Amino acid sequence: MNYMGKKWIKEHKKEHYYKNAKRHGYRARSAYKLIQINKKFNIFKNVFSLLDLGCAPGSWLQVSKEFIEINLENSKKKIKPKILGVDFKKITSIEDIDFLKMDIHDEMLEEKLNEYFQEKKIDLIISDCSIKKTGNKTLDQVSQIKICDRILEIAINLLKKNGFLILKCFEGSEVPKFLKSVKEKFHKVRKFIPEATRSRSNEIFLVCQSIFF
Ligand SMILES: C[S@@+](CC[C@H](N)C(=O)[O-])C[C@H]1O[C@@H](n2cnc3c(N)ncnc32)[C@H](O)[C@@H]1O
């Protein structure tokens, strides 16, 4: 395919997700990344408690709420779901979803999370958290790994044994080392690039399942 053809497909894809997000009332087109991750890995199965780290403006929370509502409809148990988003940017509130305005690196975060989830382990932890990109891919992927390290630390402390952790890296030289440390903590770790990810982006999601205890 020639350059113009590729460019058209790229622009068309961008436009398609943007329009769909608007039509569906999602706050960001990244909603479709989570939908595609779930389609491939079924991460929402039996999920009633969820933590979203770096959640603003909130489209992953909107999608999570929809999947958890389906779980509730299919469940015979009377469960009160617990869905919490964390970000240092404020979000417009979403019904039945709680929000904590905090930096994920804040030392007090785990205490707050334990309080919110009443010391119970969390069914699913998702994170699309990312640094503000500088345009320097080498530097950016190094800074992003600091975020990933912190998310991994939180998940090790708070995720339930068979739960999934989803987190975002930027492809680069730091990723193999980080991947190794994730594989030491989880039974199964897979890399995934959702179709909704922009073609020029170097983002990849790690889908981590079943923590070693
Ligand atoms: C790509 S956006 C997330 C989009 C979200 N998944 C959605 O669908 O609406 C990344 C978010 O990470 C947040 N973030 C980055 N560093 C953070 C940190 N240290 N603590 C808390 N939030 C952070 C940013 O404020 C931003 O809102």
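Start by selecting helix 5, residues 137–158, and colour its buried positions: Gln141, Gln144, Ile145, Ile147, Cys148, Ile151, Leu152, Ile154, Ala155 and Leu158. Here a residue is buried if 20 or more other C-beta atoms lie within 10 Å of its own, exposed if 12 or fewer, and partly exposed in between, with C-beta atoms placed from the backbone. Helices (H or I, at least four residues) and strands (E, at least two) are DSSP runs, numbered from the N terminus.

Before moving on, note that this is a predicted model: local features need pLDDT of at least 70, side-chain atom pairs count only at pLDDT 80 or more, and totals for chains, interfaces and linings use all residues. Residues are numbered from 1 along each chain as its sequence is written.

**Along helix 5**

Helix 5 has 22 residues and spans 31 Å from its first C-alpha to its last, close to the 32 Å expected at 1.5 Å a residue (the expected span is 1.5 Å times one less than the number of residues). An α-helix has 3.6 residues a turn, so residues three or four places apart point the same way. Now show what the buried residues of helix 5 pack against: strand 1, helix 4 (109–116), strand 4, strand 5 and helix 6. Contact means that two C-beta atoms, placed from the backbone, lie within 7 Å.

Seven of them form an open sheet in the order 3-2-1-4-5-7-6, with mixed pairing; two strands pair if DSSP finds at least two bridges between them. Strand 3 (98–101) and strand 6 (186–192) stand at the edges with a single partner strand each, so one side of each has no neighbour in the sheet. On average, neighbouring strands are turned by 15 degrees against each other, direction ignored. Axes are lines fitted to C-alpha atoms, for helices over the stretch in contact, and angles run from 0 to 180 degrees between N-to-C directions.

Zoom in on strand 1 (residues 49–53) and strand 4 (residues 122–127), which pair in the parallel sense over four bridges. Pick Leu50 in strand 1: Leu124 in strand 4 stands opposite. Leu50 counts as buried because 26 C-beta neighbours lie inside 10 Å. Beyond neighbours within four places in sequence, Leu50 is in contact with Ser64, Ile68, Ile83, Ile122, Asp123, Leu124 and Ile126.

Step across to strand 5 (159–170). Strand 4 and strand 5 are parallel partners over four bridges, and Ile126 has Ile166 as its bridge partner. Nine of the twelve residues of strand 5 are buried, so the strand is largely enclosed by the rest of the structure.

Keep going to strand 7 (203–211). Strand 5 and strand 7 run antiparallel, joined by seven bridges, with Phe164 opposite Gln209. Strand 6 and strand 7 are also antiparallel, joined by six bridges; look for Lys191 opposite Leu206. Helix 6 (residues 175–183) lies across strands 5, 6 and 7, running at about 145 degrees to strand 6.

**Last stop: the ligand**

Finally, select the surroundings of the ligand. There are 20 residues around the ligand, and the closest are Gly54, Ala56, Ser59, Ile104 and Asp128.

Methods
A residue is near a molecule or strand if its C-beta atom, placed from the backbone, lies within 6 Å of it.
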